[in-house]
Structure formats: structure tokens, C-alpha cells
Amino acid sequence: MSTTRLPTFWTRLKPSGGSISKVKKAARVPLPQTAIEYLRYIPGSTILSLSKPSESQRLDIVRYKNEETKARVEMKMKSNVPREELHWTEALTSEIETESVKKTPDTKENNTNEVKKKVAWTFVEDDADEKVRYYVAEIQKANNRSGLILKHLESLSELILKFPNTKEYALKKGLDKSLLFIKQSNISDDAIKKASEKVLVLLGHVKPVGGNGIRILSVDGGGVRGLVAIELLRQIEQQSGKKIYELFDYVCGVSTGALLVAMLCVYKVGVDECVRLYKQFSSQMFDRSRLLGASNLVMSLSYYDTDAWEEILKTNMGTKTFLEAALEDSPKFSALSAVVSQTPVVNYLFRNYNYGRGVKSAYPGTIDSPIWTALRASSAAPGYYRELKLGNDVHQDGGLMTNNPTAIAIHEAKLLWPKESLQCVISLGTGRYKAAITNTSKSQSISLKTKLGKFVESATDTYAVHTTLQDLLPSDAYFRFNPPLTHDVPLDENRPDVRDSLIIDAARYAHINSSKVEKAVESLSRPRGKTQKVYDWMKEKQAVMM
């Protein structure tokens, strides 16, 4: 491991067998937590400590900090290294703490404040890339020692999750080829296969698409009107004879659409069960007295009980993360939220995939999140539920920015499969209502809750996205379904008869447009050709040999 040139009065202490307790004892100084965490990554790491310095040496420490650290940080900032990763590459520093020590009157010295200087120790190590290099080398030479391979794979997963930029270095060192070789070999250890698949996902490896090209499903937001989208998906299932998660390579949803997509494609709930659960959720979500709701709206800008909604999500979605979902046989999935703590407000993608080497999305996001958290963030509509704080970001309903996420879904899918064409894109709305224009001579006041509801519903124009895609994509590859509604149904409608009318409207629309539904299913069902399958097989084999 390479080390930075240090002043002569610094001494190196190398632990025996990576024992943290021995390092603490040998150093004779309290080790910072970062040092302890680092030792868990690299056995035999070098810890640097200092014997009691003279005044001139102390000044050297300060000078070393001000010059060397500043230079390294500036260099890394120019390389676009995220700020949170800079501490892995900073030069050796020593922060000088000062505290006022007041002399007692009993002493002969003057009763003045004297500055007492104390050295605070900072841990030093090389780039996180150095740890990746270590693990890659160990995996490549481990051969059949399954215990060692599994241990290193688990450590690599933690490292890449903590420092996403190390992915590029791992790919440069050929880690993906080693893992694909393990995957294709006859290893009987399921734990190693799963751990290899996990690291491959983090490195951005994706399986070939299942059809003739990329098949995409996008579902709008719309609160309880999500029942419209479920009914449309029921019609597609009946026509195709396959489950929704078997028909698509990439699925995307915002707000209520994210909830539906998660239930159908990640948790693989049947359509009938999805309708039952959705009605149950909406009854629990939108159940609150007007007095209590109005009071809560004024106090926390959320009419409904946010804590109750979180509990519903935790109970039904469990602790499954997007990374865990990526290891299952299911489509690539993303849920959209809007980060409102940034200027301008940006879309944020919770996703069960990473990008390949040199590929960067136009949207920030994460693979390291529980699914229930993403659904909570994506549905945090202003006036309905509280915003959600995750780290330094504040998330609200993704529909505030993009209530029709079809264009984002296409962008993401093309990043994952850049050489594949779009076979079929199905975009589902949650119904539209056009009120009759009437002349009223008397204006009516509108409640704050109603105003917020209309604002959320009108925040983004789903039709503009549709018209743009309709102009750009072939008519046999792009299908938008958004039924007209007989009633103006608000996002939080809780009356059973009105909710049932949404399903009736969607079924009637599907019947009237049955030829369009059949055409969409026909487009979805085109199988992958034999030549394409041979190409996929050769590409996988070639990736291992390169």
C-alpha cells in the first residue's frame, strides 16, 4: 500500500493480524472511529501515530495540514470526487484544539487565560480504490476456497455501497469478468452465487431483455384513481395470458403508480389481490375526521396521519430493499420522488439496478434503500402527508415534478440496454375528467385542502409528455391508455361506490378500445429471435474471456 511522505517524527504502527485492540494498545492514543472501521476492510492496515511533539514539530503538523491536505482535496474536487469521499484521500492531518485554562488565584502566576494546546489525532489511509484492488486480487486468486470468496464478496458489496465511485475501479480491474466466470462455473454453493450476483448488480451488470427489444411499463400518479391502472393491467394480463412481471423488462411508477408497480412486479401480487389490498390501503390512508384533519393540516401541512401510512407500508412491504429485489427474477424497477430541498427541484430515482461502466443517468438516485421508504417518499403529496427527510434531502410526491414518468423510464432503459430498440412502451394514466363549462354568477370559496389537492393534481402536465412521445415513437411501439371518468374523483376519495365507478370506467374504456389493447399485447408478446439469443450467449462468454 502506498503511503504519503510524512514528517520524520511520525512513527508507523502495523497491527498484528489486524487486531484492533492491539493497535489501540500500541498506539497509546485513542484511535478515531474511522480507523477502526478501516481495519475491518484491510487486514494489515498501517496506522500512523505520534509521540509527544515539540513546539516546532507541532507547527510542522499545522503547516502539513494546511498545505498537503488542501492540495489533495482540491485535486480530488477537480476530479469530481463526491465530498463525502474526500476523507479517504486526504493527507495526514492533525487538528489543534484549544481550550481556555483559567489560573487559580493561589498560584504565583498572573490570573490570565492561557491557551492549552492538545493534538487531536486523525486517521490516514489511501483511496478506497486500494481496498477494492485488494479484494479483487484476493477473489481472483481464491480459486475454490469458497469461504474466502464469500467473505471478500460481502466486504466488496459493503464497500461499493458506501463508496459508489469505486465501482469504476473494480470494473477496470476486471472484477465483472471474474464474477461472471464464477456465475458460469459449476459452483454448488448458493451463498457464493447470490453474493456474486449482488456484486454484479452493484457493478451495473444487467441480463438481456426478454423480448425482441425493450418492453417498458410506466404508471402515472393519481391517488385512489390507481384503481383505473389496475383494471387496465388486468385487461392486458387476460389478453396475454401472462403475469405483468413476465411481460416487461423495465417498470416505473410515481406515487400511487409506484405502489402498484411494486405490488405487481416486485412482490408479484395477483391483480385481484392487488385490487383488494389497494382498496384496503386507501380506506386506511384516507380515514380521518375533518376536525382532526384540518388541525393537522395547519400544524404540519398534512391532512392525513403520516405515521399510520408509514406503518401500513412497513407492515405490508416489509424490510426488502431494492438491492434484494434486484437479485430476484423480476423487471428493473424505479420509483420517482421529488427532492424539494434543492434548487431547482429534481427528480430522484429509487431503483433496483446500477449503471454500467462510464454510464451516468440524468437523475440522482439510489439502490440502497428499503422499498417501503421509496413508496413513502414518492407519495408524500403536499397537504396530504408530511415530507420525508433522507439524509440531507427532503422528498415529496414525485408527481410534483413528473406525474407521467414514461420519458424517464425510456431514458433509464436505454442506459441499461443501449443497443436494444424499443419493442413496446405502455403508459398508463389514472383517468381524466373534463367538467362541463357552466356560467356561475356567484363565486364560491374553496377550502385549503381542496386548493392543495387541485395544485397537486395540476402540478405537471401528463398530456404534454404523451403528445411528445406519440410524435417521436412508432405507433406500433407506443401505447397510452388514460380513460375518461364519469365523475371528478379526488385523490383521496374514500366512498366505496365512487371507487367502484373507477373500475367500471376503466373496463368500459378497455372494451371500447379492445383493438388497441390487442395491438399492445401483440407488440409485447414478440419473442426474442434465435439470432438475438445466440448473440446474447456469445456476448456473455466473450465478457469472461476478455
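Q: Where does Lys 268 lie?
A: Lys 268 is in the loop between α11 and α12 (271-285). Helices (H or I, at least four residues) and strands (E, at least two) are DSSP runs, numbered from the N terminus.

Q: Before we go on, what kind of model is this?
A: This is a predicted model, where local features need pLDDT of at least 70, side-chain atom pairs count only at pLDDT 80 or more, and totals for chains, interfaces and linings use all residues. Residues are numbered from 1 along each chain as its sequence is written, and side-chain values use heavy atoms, leaving out hydrogens and water.

Q: Thanks! Back to Lys 268: what is its phi?
A: Lys 268 has a positive phi of about 55°, although it is not a glycine. Most residues other than glycine have a negative phi.

Q: And why does Lys 268 count as partly exposed?
A: Because its relative accessibility is 32%. Buried means under 20% relative accessible area, exposed over 50%, and partly exposed in between (1.4 Å probe, protein chains only).

Q: What about Ser 255, buried or exposed?
A: Buried, because Ser 255 has 10% relative accessibility. Ser 255 also has a positive phi of about 55° without being a glycine, and it sits in the loop between β6 (250-254) and α11 (256-266).

Q: Which peptide bond is cis?
A: The one from Thr 343 to Pro 344 is cis, with omega near 0°. Pro 344 belongs to the loop between β7 (332-339) and β8 (346-351).

Q: Switching to helices, why is α16 largely enclosed?
A: In helix α16 (residues 371-378), 8 of the 8 residues are buried, so the rest of the structure largely encloses it. Among them are Trp 372 and Arg 376.

Q: Nice. Which helix holds Lys 167?
A: Lys 167 is in helix α6 (residues 166-172).

Q: Which residues does Lys 167 contact?
A: Setting aside neighbours within four places in sequence, Lys 167 is in contact (heavy atoms within 4.5 Å) with Ile 160, Leu 202, Leu 203, Tyr 355 and Gly 356.

Q: How far apart are the end C-alpha atoms of residues 221-226?
A: They are 7 Å apart, and the chain there is 17% helix and 0% strand.
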